[in-house]
Amino acid sequence: MAGTRGTKRRQGPELESEPEPEPEPLLEEPSFCTSAPSHGDGRDSGLSDSEESVFSGLDDSGSDSSEDDGHDSVKGTEKTTGEQAQSRPLCPSTEVVHMGNTDEYAEDSSDEEDIRNTVGNVPLEWYEDFPHVGYDLDGRRIYKPLRTRDELDQFLDKMDDPNYWRTVQDQMTGRDLRLTDQQVALVWRLQRGQFGDESFNPYEPAVDFFSGDIMIHPVTNRPADKRSFIPSLVEKEKVSRMVHAIKMGWIQPRRPRDSTPSFYDLWAQEDPNAVLGRHKMHVPAPKLALPGHAESYNPPPEFLLSKEERLAWEQKEPGERKPSFLPRQFSSLRAVPAYSHFIQERFERCLDLYLCPRQRKMRVNVDPEDLIPRLPRPRDLQPFPTCQALVYKGHSDLVRCLSVSPGGQWLASGSDDGSLRLWEVATARCVKIVPVGGVVRSVAWNPNPTICLVAVAVEDAVLLLNPTLGDRLVVGSTDQLLSAFDPPKEPTLQPARWVEASEEEHQGGLRLRICHDKPVTQVTWHARGDYLAVVLATAGHTQVLIHQLSRRRSQTPFRRSHGQVQCVAFHPSRPFLLVASQRSVRLYHLLRQELTKKLMPNCKWVSSLAVHPAGDNIICGSYDSKLVWFDLDLSTKPYKVLRHHRKALRAVAFHPRYPLFASGSDDGSVIVCHGMVYNDLLQNPLLVPVKVLKGHVLTRDLGVLDVAFHPSQPWVFSSGADGTIRLFS
């Protein structure tokens with residue numbers, strides 16, 4: 001700038017009279033006077049004062065951090081550039097020389113980068129692990145400023161420093177720079193998409209260079225080109241190609257459009273004999289009903305309304321009036337006036353035809369026999385019980401339960417008359433009557449053929465009876481087995497008490513009495529005959545107890561209850577116990593002591609339970625007249641739900657050998673079904689109802705209370721509320 005001003009002074013007097021522009025402020029720090037001559041250094045003595053001041057200014061500004069930081073450990077003091085500026089007086093003569101002899105473009109940079117950092121084009125990421133960033137002109141390192149502040153310090157600076165928002169970090173030197181107001185305004189203008197120069201007006205009025213006014217002189221007087229008078233060779237070649245294409249027929253001329261409208265017959269190309277889909281689905285509009293006697297101009301007297309009827313007709317809603325008009329009587333047809341509602345009725349008729357959708361539903365021609373599943377005929381599924389063979393009479397009250405001996409020769413039944421009766425199956429003869437002194441809720445014959453025992457649930461006790469029927473060796477071995485028990489020296493605390501029968505009770509057949517705190521509702525044996533499970537009419541985890549006959553021990557298998565238990569059953573071959581509550585059936589593993597599966601029968605109240613002899617299928621009866629079949633290998637949901645009974649189901653049972661199962665209901669019937677379970681796991685069970693057996697008389701709105709199959713024959717026993725037991729064979 002100084003050199004420029006000097007040049008302007010040497011020009012003519014016209015330029016000297018103009019006001020001198022103010023010098024632009026220097027971005028660099030002002031150089032300071034140094035008293036030491038340049039000859040004393042190891043530098044070149046041929047440099048002028050101005051050049052030396054230039055290098056000294058760069059040296060002071062660029063190497064402050066490197067020199068001061070390098071001598072901190074020796075001197076123990078730190079001098080910044082500002083302190084040097086205060087301690088040293090400014091030398092105006094040196095500054096004038098510097099301004100006058102230095103090229104103003106020598107330090108210019110297009111990217112406005114700090115020239116003190118001479119790192120060049122090396123990426124700054126390379127210096128992330130080094131304490132310096134680049135080198136100065138003398139080859140000394142430019143150290144990074146110390147960054148000992150953590151995020152908490154930065155946050156405090158952000159809260160305390162009001163100019164924190166305008167402070168940025170220089171990536172070349174690592175220093176913090178504070179933007180001026182002009183620089184902040186420039187950044188805001190650039191972020192808004194405006195021009196950097198605030199004085200620039202992008203919407204200046206345009207100069208209409210070519211106007212519609214006729215001027216004396218032309219805008220341009222350049223002579224026309226020669227090519228504007230000579231035909232173009234390129235266009236000639238294009239035209240020749242197009243002419244050749246027209247001759248060869250590659251380019252066809254456009255046909256003139258026919259302005260006449262094109263109407264055609266929509267069904268001209270169709271076969272008139274074919275039945276179209278839209279014709280087939282066409283539904284003609286319903287015709288109006290023909291006028292009757294009430295619409296006549298001279299109706300019969302019975303169609304005319306009286307005053308009371310007319311008043312009642314007028315008080316009704318228009319849509320509820322029948323008829324929709326008032327019949328009137330005229331002397332002649334000429335006296336009939338115009339119908340006042342004619343236009344309204346015609347309009348409503350048009351709305352009905354236009355807005356009311358009409359569709360013809362095609363009738364599905366399906367044979368009803370095809371909708372019924374293909375089931376085998378019942379005669380092909382024999383044998384199964386078909387008729388009533390014997391009636392066992394003797395009980396004076398309803399017979400709640402019955403059980404058949406393992407050999408099939410004897411039958412035990414319990415009744416509300418307080419007695420247990422033993423019958424001979426073949427002859428229906430009552431062999432023995434055992435008074436128990438209470439209502440018999442459940443009877444179960446021991447399934448082991450080498451043990452002759454009958455478990456009877458009476459009130460709060462389970463009686464173990466030896467009926468002394470059949471083989472005497474079996475009867476004797478049973479008594480010997482029970483008498484061989486050696487009680488432990490220290491009795492353990494059990495949920496039930498085992499009591500030996502007295503001499504008088506022993507003569508009647510009673511051997512043991514298992515006493516409980518609550519009434520017993522069901523008793524059932526394990527397949528081996530050593531364990532039996534009982535269900536108590538109580539709430540809590542003590543509803544189910546398991547007793548061991550050989551050791552005379554009782555245990556509670558559950559720690560908590562999952563609802564009111566209805567019945568239980570042992571798995572025939574695996575250590576599983578099935579517990580049926582009102583809404584679900586749970587399958588427990590007795591050895592692992594864990595829940596294996598939970599079945600959801602989707603019934604309101606489960607009443608009975610039976611397990612298939614193979615153990616993979618179970619059936620449940622419910623009080624809402626449903627019989628549910630579960631396939632344990634298939635799902636926890638029912639495989640099939642049978643609704644053959646009209647009333648509640650009381651009992652269900654499987655046949656031990658034949659593919660049969662039966663259900664007894666309060667409607668007085670026993671339904672026998674064929675249930676074939678295949679060894680092939682890919683084939684589902686076949687369920688076919690084969691016979692409905694009737695014979696019991698409804699008493700107290702109760703029918704069949706229990707059913708049981710013969711162990712070897714296709715016979716079924718049923719006990720009813722009428723006090724009889726019936727055998728169907």
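Glu459 sits in the loop between strand 11 (454-458) and strand 12 (461-465). Helices (H or I, at least four residues) and strands (E, at least two) are DSSP runs, numbered from the N terminus. This is a predicted model, where local features need pLDDT of at least 70, side-chain atom pairs count only at pLDDT 80 or more, and totals for chains, interfaces and linings use all residues. Residues are numbered from 1 along each chain as its sequence is written, and side-chain values use heavy atoms, with hydrogens and water left out.

Glu459 is not a glycine, yet its phi is positive, about 55°. Its relative accessible area is 48%, which makes Glu459 partly exposed (buried means under 20%, exposed over 50%, partly exposed in between; 1.4 Å probe, protein chains only). Gln593, also not a glycine, has a positive phi near 55°. It lies in the loop between strand 21 and strand 22 (594-599). Gln593 is exposed, at 70% relative accessible area. Most residues other than glycine have a negative phi, and most peptide bonds are trans.

## Cis peptide bonds

The bond from Lys322 to Pro323 is cis, with omega near -5°. Pro323 belongs to the loop between helix 12 (307-315) and helix 13 (342-355).

The bond from Gln382 to Pro383 is cis too, with omega near 10°. Pro383 is in the loop between helix 14 (368-371) and strand 5 (388-393).

Four strands form an open sheet, ordered 15-16-17-18, with antiparallel pairing. Two strands pair if DSSP finds at least two bridges between them. The edges are strand 15 (520-525) and strand 18 (553-555), each pairing on one side only. Neighbouring strands are turned by 20° against each other on average, direction ignored (axes are lines fitted to C-alpha atoms; angles run from 0 to 180 degrees between N-to-C directions).

Strand 17 (residues 544-548) runs antiparallel to strand 18, joined by three bridges. Ile546 stands opposite Gln555 in strand 18.

## Cavities

There are four cavities of 30 Å³ or more. A cavity is a set of points on a 1 Å grid over the protein atoms alone where a 1.4 Å probe fits but cannot get out; lining residues have an atom within 4 Å of a point. Points are joined across faces, edges and corners, and volume is the space filled by probe spheres set on them.

The largest cavity has a volume of about 130 Å³. Its lining holds 14 residues, with Phe558, Ser561, His562, Val565 and Val579 nearest the centre. Strand 20 (576-581) and strand 21 (585-589) each give two or more residues to this lining. The lining divides into five nonpolar, seven polar and two charged residues (Ala, Val, Leu, Ile, Met, Phe, Trp, Tyr, Cys and Pro count as nonpolar, Asp, Glu, Lys and Arg as charged, the others, Gly among them, as polar).

Conventions
1 Å grid on protein atoms, 1.4 Å probe; cavity = no way out; pocket = protein on both sides within 12 Å on 5 of 7 lines; lining within 4 Å.
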